[in-house]
Amino acid sequence: MSNHRILNRIVLINIANVKYTDIELNGNTCFVGANNYGKTSLQRAILFFYSANSRSLGISSSQKPFEEHYFRFDNSYILYEVTTETSPFFIMVYRHNKLVFRFVDSEYSPDFFFNENNEALKFREVLANLDKKNIFYSNQIDTFEKYRNILYGTETDLKLNKFFLLRGNEKYQNIPKSITNVFLSSKNSIDSRFIKDFIASAISNDSDAIILEKIERQLRQFSEKYQDIESFLKKETQQLIEFAEHKYDQVQILKNSQIEAAEKLGATLKYADTQHNILLNTLQEKEKHLQQIKEDYEALRYSIEERQKDLREQIGFYDGMIREAQRKLEIYKEKDIDTLLNKYQEKQKLESQLQVLQKEYETLTSDVQNIEVQYQSLLNNIQNEIHSVTNKINAQITEIINHYNELILLQKEEQAKRESTLKQQLQTTLFSINNEVHQKQIELGQFKSEEKISSNIQPYEKEIKQLELEITEIKTKIYTSKSELAIQQNQVETLQKEWQNIEKQLQQKFELASQSIQSKIEQLKKEILLIDKKLNIQENALYGFLEKNIPNWHLTFGKILDENILFKNDLNPQLMSSSNNTIFGIQIDLNQLQIVSKSIEQYQTEKIQKLNEIKNLENQFLQEQQKLQNEKLLNADKYGKQIAEIKEDIKVILYAIELAEKKEKKRLIELEEWKSKAAKETDTSLQFIREKIVIIEEELAILKKRKQITETENETQIQNTIAKSQQQIQHLKQQQQQEIEQLEVQRKNTIKELKEKEEKLLAEKQNIFQNKGVDNKKISEIQKQISSIQQQLQEINQYQNIISDYLKDKRDLFDNIPIYKQKKEEYITENKNILQQLEEETKKYKLTISEIQKQRKEIEDTLSQFNQGIFFFQNNLKETPVYKHYAPIIENAEPKPSNYNITDLCTQLLKNESYFNEEYTQFQRYINEFAGKFRLDNHFGFFIKHDASFNDYEKFAQNLRNFINENRIEVSITETSALATMIIDSVAIKIKELSGQKDKIQHIVSLLAEDFKKAEFEESKLIEYIKIRIEESDNKIYKLLKKIQEFRDEHGIFFNDGLFNTNNEAPKKTLSLQIIRMLDQLRSAIQEQEQQEIKLQDLFELKFNIKEGLNETGWTHRIDSIGSTGTDILVKAIIYITLLHVFIKESSVKTNKKFKVHCIIDEVGQISAHYLKELLRFAKSRNIVMINGLPNKSGLESHYKYTYQFKKEEDSSVRVFPSIITEVEV
Amino acid sequence: MNIEELELPRQTHEIFNILARGHFISSNGTKDGMNRLYEILSDPQNYEKLQSYFSVLKYKIEKANNYFYFSKTNEPPSITEKKLETFEKYIDIVDLFGSLDNKITIGSRFRPSEIAEECSANVRLKQKLNKIPLYRSENFLNKIREIAGMLARDSFLELEDEQTETYKVLDAYSYLLEVINAITIFGQPPASEHSIPSNSDIDININPN
């Protein structure tokens, strides 16, 4: 049992080189031993009790770690025994995979750890031993944190909360830190910076430090990104982008057009190649076909003409027959053939009558027959003579008639012949004219039909139709694209609005959350302030009084006290005689009341909780901020990408529209060209045809006139010959008449003579008959009748030849006239038909010929065009770089016919290539200039190599376009702004956190100053005073960081829209520039200073002023030497002890439970005994027990309560044993 | 305006040091904060102040397309002529650079090795390079290095990356092009017979030293 708590002993079992040692520490302890005997190791083991941090024991990285060096066996233990007001407890530390702790509610006893053979037990056996003895031991504590919480009294577990050394507050971590720092720094010289470090590291963690390397990296990133963005946003850069984009489009169009032309050229060349033989064959075929058609036509024409000749002959024959018949009919008509025929029909009747009359006469003259015969004979003779004369004259007349008839006939024949010749001539002429007319009419018809065809059939109709179709398609495409564009633009607007709304909502949400968090923090801060206030005043208030004087007051008196009363400091409480738990004499059942008052620990815990809550809230705020940034980035990513995609689509559509419009324009021009070409060609061909028609019509008119004239002339000639012939015939007829008349007169005279002779004979006969009695009258009458009939018969016989001729003619000719006419008509019709057939065939033939010739010409033209094109290609393109450039396209093209000829395509390629090169050079120039605006390794990836190919430039431009379309600059700005915000926030938070601790430093320094004042240096007069004061930091980096933090506090977050605000007038722009300048300065300062981190100690300057004897250091950072080394060690130790004291005081709760801690300072060998005494007393007055190391015994050890010596055994183990020295009371 | 009242930018000295050496400040220069200096000069207020300030020293700041330089007021023609002479070497260099497959233009980045390689593969370029009088003439690479070094010294180029020996063409390079374009050569060019047209608006900047 002790009146205070203290680490009473440390027992090492199988630790490092020590097999077993038991060291008492309940007073100033000194370890004496040569170097490397294990003094420091032992001190570290003691330090481990306080720090429970195996990594801050001052073990260098080259040495084995604490765990491995100390705990080498399963049965290695460090045991710390702590005395308390009641019974002591001990802590066992052993290795179970890692270092673990167990608190054992018992005094240390070796029996727990060793068996009867003095062998150390394994921890399970130890626990079994404890169990056997019914000793409570804690569960395995496997974290240093938990161990420290228990040791420093902040553990809430009721089972463990009694195992404390002292009751620490939320800053209790400073105690182990301070003890550690004293131990680790004891060898250093006195430098205020060290003290600063000490104070700072005591109250701050390593994690509190601002790692400058990280900030510098972030700043560099930010600066580079900022520079990149700034370069991008510059007006000139934007202008360059515009130029580059524009040129890119032009280059693309040209390239596409070149590729298109190359493809066309390739296709046309291949087509020309494949078509060459085909066209030649086709040409030959056409030639053959033409020949065949000509031959066929000639054959047909020949056969038709032959037939025509036959027909004409036939027509002529029948025509001649008809004419002959008509001529003969005319002649017979003139001879009054009808009358003759009628008379001829009476011949038989007359011959019968004559026979009857002759018989009657014979009968009457039978009596005078001889006379009759006689006379008859005479009469007959006369008659015969008359007949003979008549016949003779008739014969002569007939002869004359025949002769003249013959002459007339000859004349007529001649006339007919002449007429026929003339008609023949006329017919020939007319035929030739008609033929000519016919020919011309065919030609006319042909030209007219050609005119009709030409006016109806449009040249280049196919091309025009194709172009019109293409234009319609393009127009449809433009229309569709424009509607699509409108839709896409609407979509972009909608998305942008949506994005803005979401951003607004997010911002609002964040602001709400931020406000709520801030108000909570404010509230918590107020509450903490209240707690702090209570804790600060509790000592002088009723609460402190109760704590000091009334045990368990919380369970009794505390239940009815208001918190406000408890912390009133003007109540002057006094401890009076106990009145058995009454209140002003009244007793109440306190069990019915809840405990309302809180212990200091509870207040501390509450405060810690609230601080933690604030930390959590701050974290929450940061999370919210981060969340906001993330969501913004997500939105930027989501919407930006969507918008960019749509914008890209819009660009594509716009480009497609532009291209389509250009194409449309081009096609329209082409269409116009084709149309005008067609119209021109139509006009040319129509003009030619029309001219031809006019000529032919004129020729036809001339031919008609010629025909008319020929006919008239012919008619006149015929009429003249007819008139001449008529005259001659008339003349012949007159001669004939004269001759006939002369003969008639001769006959008349002869007959008259004979008649007179006859009459005489008759008169003689009648006389004879009369004489013989014959009726002469009767006979004479009969004779008259006979004579009359005979005359009539004679007359009829005269016409016998004519009639027989007529009958013959009638049979042969006249009756056949209708047949002849019919035949003639048939032949004429046939002739007409074959003429028509010939005409049609000729027409057909000519059309076919012209068509084939046209086709042939077209083929020849195409062939010649191909040949010319190939020749041009070979001579003008094949050897140029242009060809080499497009060779793969040209060579791999599929054969395809095109409207363009090879020469045109070659010319276009050559012409456009030079234009393309010009444009490409400019495009390259813009891209180079643009890329040159950025750093070599800019974060946009805008870099173009010197040997970049066209594809590289194209890729660059495409990437740039995508960059703009996807609005990646916005994303970059957001990221950079977020980075800046993050840097500034992190700087602000860290500086704030660090600055927050500055107050603590101020507080501690003032406590130190006070403690130094309290030091009783006067006694020895060795040190007159040690003064300490705090000054503003002159750390350049810290100043800048502070400036940034102040700026952040003043202006909040503003980067989201202000970092790259192009509006220079915008107030945020000025602020942006300010902060960017600050960040820039900070970066330069970090680079210049080469400082790794900003710690709490960089926030202030600490200065000392020490007066030792007559020496005064003045206000200085570093005290190189105050006096002797001993003095230095003393002062240093005093400062350490003061620091330790202050920290312990600050970090622990004032309760009625007292405690002592150790101050471990190695190597105090050079201090004089007097000073050591002074030092130990100084420590004692501050409840600090010293543990020091001495290299050897020098008498100093006599000032310590315990002295232990170190000895190395033969087996290289170290034995630690107490030295028998009487302590000189300090 | 009194110079004391000008409130000059703190980089004035730096600006003067560069410009007074006959060098340029280009917008795309990155070494030694050149782009920052360009920004400062681009600010109309700064420009005006600096112009007034330097005018006392008989210097005039000339603002061209993305670069600044000094010109001297009332410079005697003999000095201008001398300056022009220094351009002789640049004509061949610019001609060489302009004849490369990928022409060297503002913002171009290149390594001397790339150009040397191209020159050794191309007879025409080889001839052009051989025409340029240089001290180090062991091989093409050294020649190009010498050219690049000279241009960088005169602030037409910038050695952007020493490790990869990457040079960047600065905006001031267009000054070279403009002056060379403004030079009219009469007849067959004897070495120094070139002059600029009287109406030329190019201010000669090259220091004849």
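**Chain A at a glance**

Residues 24 or more positions apart make up 81% of the chain A contacts that have a separation of 6 or more. Keep in mind that this is a predicted model. Chain A has 27 helices and 18 strands, and 29% of its 1226 residues count as buried.

**Helices α8 and α20**

- In chain A, helix α8 (residues 235–334) and helix α20 (residues 902–932) have axes that come within 8 Å and cross at roughly 155°.
- That angle is over 145°, so α8(A) counts as roughly antiparallel to α20(A).
- As for handedness, α8(A) passes α20(A) in a left-handed crossing.
- Sort the residues of this α8(A)–α20(A) contact by type and you get 23 nonpolar, eight polar and six charged.

**Where chain A meets chain B**

- On this interface, 15 residues of chain A are in contact with 19 residues of chain B.
- Helix α20(A) turns up again here: with eight residues, α20(A) gives the most to the side of chain A that touches chain B.
- That side of chain A splits into four nonpolar, five polar and six charged residues.

- Chain A has an open sheet of three strands in the order β9-β11-β12, and the pairing is antiparallel.
- Strands β9 (1023–1032) and β12 (1111–1112) of chain A sit at the edges, each pairing on one side only.
- Helix α22 (residues 968–1014) of chain A packs on this sheet and touches β9 and β11 of chain A.
- The direction of α22 makes about 165° with that of β9(A).
- Strand β11 (residues 1100–1108) of chain A runs antiparallel to β12(A), and two bridges join them.

**A look at A:Gln523**

- You'll find A:Gln523 in helix α12 (residues 461–538) of chain A.
- A:Gln523 has 14 C-beta neighbours inside 10 Å, so it counts as partly exposed; the buried class would take 20 or more, and the exposed class 12 or fewer.
- A:Gln523 and A:Lys610 are 87 residues apart in sequence, yet their C-alpha atoms are 9.8 Å apart in space.

Note on methods. Residues are numbered from 1 along each chain as its sequence is written. Chains are lettered from A and ligands numbered from 1 in the order in which they are written. This is a predicted model: local features need pLDDT of at least 70, side-chain atom pairs count only at pLDDT 80 or more; totals for chains, interfaces and linings use all residues. Axes are lines fitted to C-alpha atoms, for helices over the stretch in contact, and angles run from 0 to 180 degrees between N-to-C directions. Helices (H or I, at least four residues) and strands (E, at least two) are DSSP runs, numbered from the N terminus. Angles under 35 degrees count as roughly parallel, over 145 as roughly antiparallel, 65 to 115 as roughly perpendicular and the rest as oblique. A crossing is left-handed if the near helix is turned anticlockwise from the far one by less than a right angle, and right-handed if clockwise. Ala, Val, Leu, Ile, Met, Phe, Trp, Tyr, Cys and Pro count as nonpolar, Asp, Glu, Lys and Arg as charged, and the others, Gly among them, as polar. Two residues are in contact if their C-beta atoms, placed from the backbone, lie within 7 Å. Two strands pair if DSSP finds at least two bridges between them.
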